[in-house]
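Visitor: I am new to protein structures. Could you show me how to read one, feature by feature?

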Amino acid sequence: MSSVAYIPSHYAETDRSRLMDFIRARTFGTFVAILNGEAVVAHAPVALGEGVLRFHLAKGNAFLDAARTGTLAKAVFQGPDAYISPDWYVSENQVPTWNYVAVYAAGPLRTLSREEMIAQVDALSAEQEARLAPKKPWTRAKMAPRLDERMFAAIEGIELKIDTLEGKFKLSQNKSAADIEGAAGALDKLKEPAGVSIAQMMRNRT
């Protein structure tokens, strides 16, 4: 499969384990497939399997029709982003840009069996509840009897087999160390969470 996105070599992240960790941390993805010549888009949190992304959608979602055909799909996991002003660089004659981080996965779709879907829902809940420790994790056992059956009847599970996995970490790698620090320092001063995250990642890439 060809590259999912335009990624210049100096922005490319190729470490598969790092990319999978990014998806696991971000969790929420945007999925795109082609159905009858038109793009269909879905947004969903994922549970990672061995080389697969598993998620579920409401049964009325048109993306399920694409999944049932086994078509290829692409997923995007967007990280933090921030505007970079030329005034922040030490070097002159620079232009505005935008730094951002994204991971792209692509491969064929298939729908999950009922048992696989239930396992996906439970795995996703368990992973997210673990992040809320020391809160006692929520489980389906806390639901009224048979209420979960009504929930499962309204959704369908999907799996995307990861044939291609790429990362684009656009973090001013084409700039000098002094320019990177100037921009990162300016982002820190703004104290916006996304900008602070980008500043930290810029420094880690030098």
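**Reading the model together**

Guide: Contact here means heavy atoms within 4.5 Å. This is a predicted model, in which local features need pLDDT of at least 70, side-chain atom pairs count only at pLDDT 80 or more, and totals for chains, interfaces and linings use all residues. Residues are numbered from 1 along each chain as its sequence is written, and side-chain values use heavy atoms, with hydrogens and water left out.

Visitor: With which side chain does the side chain of Asp148 make a polar contact?

Guide: A polar contact is a pair of N or O atoms within 3.5 Å; within protein, one must be able to donate a hydrogen and the other to accept it, and residues adjacent in sequence count only if both atoms are side-chain atoms. For Asp148 the partner is the side chain of Arg140, at 2.5 Å.

Visitor: Is Asp148 buried or exposed?

Guide: Buried means under 20% relative accessible area, exposed over 50%, and partly exposed in between, using a 1.4 Å probe and protein chains only. Asp148 counts as buried because its relative accessibility is 12%. In the chain, buried residues make up 41% of the 206 residues.

Visitor: How many helices and strands does the chain have?

Guide: Helices (H or I, at least four residues) and strands (E, at least two) are DSSP runs, numbered from the N terminus. Here there are 6 helices and 9 strands. Asp148 belongs to helix H4, residues 147-153, while Gln120 sits in helix H3, residues 114-130.

Visitor: What does Gln120 touch?

Guide: Beyond its neighbours within four places in sequence, Gln120 has contacts that include Pro45, Arg54, His56 and Leu112. With 2% relative accessibility, Gln120 counts as buried.

Visitor: Which residues of helix H1 are buried?

Guide: First, the general idea: an α-helix has 3.6 residues a turn, so residues three or four places apart point the same way. In H1 (residues 16-26), Leu19, Met20, Phe22 and Ile23 are buried. They are on the same side of H1 because they cover an arc of only 155° around the axis; the arc is that of the directions from the helix axis to the C-beta atoms. Among the elements covering these buried residues are strand S5 (52-58), strand S6 (72-84) and strand S7 (97-111). Just after H1, Thr27 has a positive phi of about 70°.

Visitor: Where are Asn36 and Lys191?

Guide: Asn36 is in the loop between strand S2 (28-35) and strand S3 (38-45), and its phi is near 55°, a positive value in a residue other than glycine. Asn36 counts as exposed because its relative accessibility is 75%. Lys191 is in the loop between helix H5 (177-190) and helix H6 (193-204), with a positive phi near 60°. Lys191 is exposed, at 70% relative accessible area.

Visitor: Which peptide bond is cis?

Guide: Look at the one from Ala133 to Pro134, with omega near 15°. Pro134 is placed in the loop between H3 and H4.
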